[in-house]
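Work through the exercises below with the structure in view. Each task is followed by a solution in steps.

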Amino acid sequence: MIVSSTGAKPAVGQTNRVPVSDPARQIKTAAEATESAESRDGFYLRAGVNFDFSSKTRFGDKNCLSTSPAALYGCGRGNNGTSLGTEGDFGTAAGAEIGLGYFATPKLRLETSVAYRPHYSFEGNANFVQTSADQPVSADFWSMSGMVAAYMDLSAYGPFRLYMGSGAGLHYVDISNFRMTFPRTETIVPDGQNTELTVMLTAGVATSLWDAVSLDLAWRYVDWGIVETEHATGQVVWKDGRRDPLEIDLAETRAMLKGQGFRASLRYAF
């Protein structure tokens, strides 16, 4: 029997190669997509919402020695041992913000923005010595602010890019319905409007959603400056109506408005 050989040799050590995804490459690609969405052509438009939480504050006289017009609180110590005044806070407020920005460098962006907060509610207690009962104080106000800020992009972690920034601008406040309630009377303090310097520090994270749109989440600290009532006529009203309201020429009172908050916005690069 003759066995013939075809001369074919089996392949040794040859296997089919299946592409394997590279996690590091995927992360790099996602980061590049985020950076591209944020810096497209240099300019971007940002729109979002704010949720601000105010710090404890205190309303006191601009000049406690004033007699004409009369200081609301006066000088000295109250029934809790602290200076005469009203301690409380402005609570939590939601607002809207829109900004226009420009990438000065691949990592540095400059932005100007306008924010509107339609409603804050002050709640506190006065400490006059004439009574030990609760002396609740309330007021309403709204505000607008314009700010110029600089943001520096930091490290990227996958599709997320960290950043930090600071800014300064002007803050307009309109305060109204300032009422102080006592056991038998209620004092109505004059309204007020004023414009103050405001400063801000922030840190946040941004990520690309699609094409030229990115999501921007940030936590910030803001000093909005002073909230002030005007020199005007106030009233003392008797709850039982046994006397006509007493009009009083009142001097200015003021409180500092500071706090921190959360901002969520969308950025569109164009």
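**Exercise 1.** Is Phe43 buried, partly exposed or exposed?

*Solution.* Step 1: take the cut-offs, where buried means under 20% relative accessible area, exposed over 50%, and partly exposed in between (1.4 Å probe, protein chains only). Step 2: the relative accessible area of Phe43 is 38%, so Phe43 is partly exposed.

The model is predicted: local features need pLDDT of at least 70, side-chain atom pairs count only at pLDDT 80 or more, and totals for chains, interfaces and linings use all residues. Residues are numbered from 1 along each chain as its sequence is written, and side-chain values use heavy atoms, with hydrogens and water left out.

**Exercise 2.** Which element gives the most to the nonpolar patch?

*Solution.* Step 2: a patch of about 910 Å² has Phe43, Leu45, Ile98 and Tyr268 among its members; areas come from the Shrake-Rupley method with a 1.4 Å probe. Step 3: β1 (43-54), β4 (92-103) and β5 (108-126) each supply at least two residues. Step 4: β4 gives the most, with three residues.

**Exercise 3.** What is the volume of the largest pocket, and which residues are closest to its centre?

*Solution.* Step 1: on a 1 Å grid over the protein atoms alone, a pocket is an open set of points with protein on both sides within 12 Å along at least five of seven lines, and lining residues have an atom within 4 Å of a point. Step 2: the volume is about 360 Å³. Step 3: of 16 lining residues, Gln130, Phe182, Thr185, Thr187 and Val236 are the closest to the centre. Step 4: the largest share of the lining, three residues, comes from β12.

**Exercise 4.** How many cavities of 30 Å³ or more does a search of the whole structure find?

*Solution.* Step 1: a cavity is a set of points where a 1.4 Å probe fits but cannot get out. Step 2: the search finds one cavity of 30 Å³ or more. Step 3: the largest cavity has a volume of about 40 Å³. Step 4: its lining includes Glu97, Arg117 and Arg220, and β5 provides the largest share, four residues.

Definitions and conventions. Points joined across faces, edges and corners; volume = space filled by probe spheres on them. Patch = residues over 30% accessible without salt bridge, like charges linked within 9 Å, V, L, I, M, F, W, Y side chains within 5 Å. Salt bridge = Lys/Arg side-chain N within 4 Å of Asp/Glu carboxyl O.
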